[in-house]
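Here is a friendly walk through a two-chain structure for someone meeting it for the first time. Please keep the picture open beside these notes as you read.

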Amino acid sequence: MNEHHPNDAGPPAQHSPTEHSHAGHSHHEAPRAAALELRVRALEQQLTAKGYIDPAALDVLIDEYQTKIGPRNGARVVARAWCDAEFRRWLLSDATAAIASLGLTGRQGEHMVAVENTPQVHNLVVCTLCSCYPWAVLGLPPTWYKSAPYRARAVKDPRGVLREFGVELPPTTQIRIWDSTAEVRYLVLPQRPAGSEHLSEAQLAALVTRDSMIGTGLVGSTALGDATDAIDGAP
Amino acid sequence: MSYRSYADLGGQSVRDPIVPEPEGELFHAPWEPRVMALVVAMGPTGMSNIDMNRAARETLPNYRELSYYEIWLAALEKLAQEKGVLSDSPPAPKLVLRADLVAPVIRQGSPFARAPTAHARYAPGDRVRTITAQPDNHTRLPAYACGKVGTVERMHGAHVFPDTNAHGLGESPQWLYTVAFEEAELWGARQPRQGSIISVDAFEPYLEPA
């Protein structure tokens, strides 16, 4: 497969991985994208020919993560915890079982821990070593979660990182950072927004953002990430 | 050290901005979902375990120049070669993921908890010191948390030990703990105060009594 590797020398130096993923359509990126397309197709064909891969299963897998397994699942968990005190206690003491009771189980959700935000403590989740993320409740991780700047800075400069997401916490709030270095996956239970008492569980779930369940957003805040979601993320 | 990871980024100086991303934006090129699906679908075949996958990725010398799905692709190519999957006589796959198996297999997952083979050495509240240096193999103790004193906060039972599992040396289950550190312990007293507590999930061999 060595003939597929010349582009492994890397992109032009001014392109970080983060920039690359957001500038993938520029002209000088086109040859790189075409080479990657070829490499992936070649590998899929080889693995299929050797009897390891069923291409039809790849289509189903992609559909699962594009349409079924995503942050709306985690939002259901959060909204239930806001509405049902018994469920909240269960979630905080045995998250894997409580989340499974909503039919959310499986890959990268085998060992769940839910951590609750309060006025005193704000939780923030990172994986400094790779990109560990609770797929079963949040789906595939966003690019920034896998990127070097987030992984490098979340543990050392959490307030600076939160500021980049438009989140400013009171100086008295402790920031509790969970580095997912093993197979335990963390879900942040955000604070329920004030004045939301009249909302139904489904309406509450609609307010819960992906970033608020990682800890880089607040529910009901005008955080930059949330605003971006509202403008660009509408299906 | 002969083993070198290029992925251990915690606490490093990386100045690039963090770019927020809308919820529905999952992929940035048509080949990316294909790579994601290939990697997930290769899991049940038994070609490699998750720790071998991580080791293959983090040892790519150009790790920092690649986008995340490029890293996944390069590591999958490397493992497919190393494990003989592309050879003339490939080992038989344990299970080929067919379309109708995808949903049940994803939802079943593959738990990493195992029956403990010894009593746990530590309990919540215990003060522990992490080992002073990373071992010369794939490991899950980040460099920033080496040689630091913290407090055991939670226990998670015994889990598959990545340090052995990544190298085909068996699962060797070890007790897993959440160990929390004061920020000054990790970054020094001169670092501007954040008001933060940082934890890692540490396997028992990473810990000594403090």
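What share of the 210 residues in chain B do buried residues make up? Buried residues make up 45% of them, where a residue is buried if 20 or more other C-beta atoms lie within 10 Å of its own, exposed if 12 or fewer, and partly exposed in between, with C-beta atoms placed from the backbone.

1. **Before you start.** This is a predicted model, in which local features need pLDDT of at least 70 and side-chain atom pairs count only at pLDDT 80 or more, while totals for chains, interfaces and linings use all residues. Residues are numbered from 1 along each chain as its sequence is written, and chains are lettered from A and ligands numbered from 1 in the order in which they are written.

2. **Chain B as a whole.** Chain B has six helices and six strands; helices (H or I, at least four residues) and strands (E, at least two) are DSSP runs, numbered from the N terminus. Read from the N terminus, its elements follow the order α-α-α-α-β-β-β-α-β-α-β-β. Along the principal axes, the C-alpha atoms of chain B fill a box of roughly 55 × 45 × 35 Å. Of the contacts in chain B with a separation of 6 or more, 67% come from residues 24 or more positions apart; a contact means that the C-beta atoms of two residues, placed from the backbone, lie within 7 Å.

3. **Chain A as a whole.** Chain A has 13 helices and four strands. Among its 235 residues, 50% count as buried. For contacts in chain A between residues at least 6 apart in sequence, 69% join residues at least 24 apart.

4. **A residue to look up in chain A.** Ala56(A) has its place in helix 3 (residues 55–68) of chain A. Why does Ala56(A) count as partly exposed? Because Ala56(A) has 13 C-beta neighbours inside 10 Å. The C-alpha atoms of Ala56(A) and Gln174(A) are separated by 48 Å, and the two residues are 118 apart along the chain.

5. **Helix 2 of chain B.** This helix is mostly covered, with eight of its nine residues buried. Among the buried ones are Asp51(B), Arg54(B), Ala55(B) and Glu58(B). The cover includes helix 3 and helix 5 (162–165) of chain B.

6. **How helix 2 meets helix 3 in chain B.** Their axes come within 8 Å and cross at roughly 110°; axes are lines fitted to C-alpha atoms, for helices over the stretch in contact, and angles run from 0 to 180 degrees between N-to-C directions. Helix 2 and helix 3 of chain B are therefore roughly perpendicular to each other, a label for angles of 65 to 115 degrees. Met52(B), Asn53(B), Ala56(B) and Arg57(B) in helix 2 meet Ile71(B), Trp72(B), Ala75(B), Lys78(B) and Leu79(B) in helix 3. By class, this contact has six nonpolar, one polar and two charged residues; Ala, Val, Leu, Ile, Met, Phe, Trp, Tyr, Cys and Pro count as nonpolar, Asp, Glu, Lys and Arg as charged, and the others, Gly among them, as polar.

7. **Strand 2 of chain B.** Strand 2 pairs in the antiparallel sense with strand 3 of chain B over three bridges; strands pair if DSSP finds at least two bridges between them. Here Arg129(B) stands opposite Val149(B). Strand 2 also pairs with strand 6 (residues 207–209) of chain B, again antiparallel and over three bridges, and Leu207(B) is the bridge partner of Thr130(B).

8. **Where the chains meet.** The contact takes 80 residues from chain B and 84 residues from chain A. Helix 1 of chain B gives the most to the side of chain B that touches chain A, with ten residues. That side has 46 nonpolar, 18 polar and 16 charged residues.

9. **Two links between the chains.** The axes of helix 2 (residues 30–49) of chain A and helix 1 of chain B come within 10 Å and cross at roughly 30°. Residues making this contact include Leu36(A), Val40(A), Trp31(B) and Leu38(B).

Technical notes: Angles under 35 degrees count as roughly parallel, over 145 as roughly antiparallel, 65 to 115 as roughly perpendicular and the rest as oblique.
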